[in-house]
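The following exercises concern one protein structure. Please study the sequence and the model before working through each solution.

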Amino acid sequence: MGMSGKRTLLVIPALAALVIGAAAMNHASAAAGPAAAGTNQSVLDSEGLHLCEGKAQRRAVVLTKSVAESIGENAAFVPVTDASVTVTGPTAVADTDQLIVTFTGEASLNGQPNVLNPVVDAMQVRILVNGATLPPGAVAFTTDAGQADALQACTIVTGPGPHVVTVQWRLFDFGSNSVLTGTLNSWELHVEQND
């Protein structure tokens, strides 16, 4: 056998060792996350990584609205009109269901002085279940004069409910130097309920 054949024989075990080592590291890092694999868990670790795990889908509800709604600047969050879905949870009081909630819409923010500044005015949106804000919390849905955007959140609910999913929004004037107006149009609220 030539020298290149001997090198090939040496390289194969080295590559195998690398593959096995990488698989072991991936397994260890997955196990070190917020929770080991299981079902119906909602865990937040110290680094802000949120695990929300469920099983088979039970139901999906999609609510859409194509009529535009506008608001002005407001310090507090207000409900997006009609963006509310009520689901019935599991029959057993101690049983849990997973809810995956997605809110999409066409959003515009008008009146901001300069959209190119690194810190700008924003339309913020958040998703709530039973009045509690779901991770990731309030996000800047748009800082622009027109775009489509989306926000997704997940939680575990316990017992039969009812469990109410809502969406709220507000306009955040960073420098308190603008007269902002915001519009939501063609939005969709999608709630997926899983065992």
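Relative accessible area sorts residues into buried (under 20%), exposed (over 50%) and partly exposed (in between), using a 1.4 Å probe and protein chains only. The model is predicted: local features need pLDDT of at least 70, side-chain atom pairs count only at pLDDT 80 or more, and totals for chains, interfaces and linings use all residues. Residues are numbered from 1 along each chain as its sequence is written, and side-chain values use heavy atoms, with hydrogens and water left out.

**Exercise 1.** Determine where Asp144 is found and which class its accessibility gives.

*Solution.* Asp144 belongs to the loop between β9 (139–142) and β10 (147–158); strands are DSSP runs of E, at least two residues, numbered from the N terminus. Its relative accessibility is 33%, so Asp144 is partly exposed. Beyond neighbours within four places in sequence, Asp144 is in contact (heavy atoms within 4.5 Å) with Ser108, Leu109 and Gln112.

**Exercise 2.** Describe how the rings of Phe103 and Trp187 are arranged.

*Solution.* Rings of Phe, Tyr and Trp (its six-membered ring) pair if their centres lie within 6.5 Å; planes under 30 degrees apart are stacked, over 60 edge-to-face, the rest tilted. The whole structure holds 3 aromatic pairs. In one of them, the centres of Phe103 and Trp187 are 5.8 Å apart and the planes stand at 40°, so the pair is tilted. Phe103 lies in strand β6 (residues 96–110) and Trp187 in strand β12 (residues 181–194), so parts 84 residues apart in sequence are tied together. Phe103 is buried at 0% relative accessibility, and Trp187 is buried at 2%. Together with Phe141, they form one aromatic cluster.

Notes:
Helix = DSSP H or I, 4+ residues; strand = E, 2+ residues; numbered from the N terminus.
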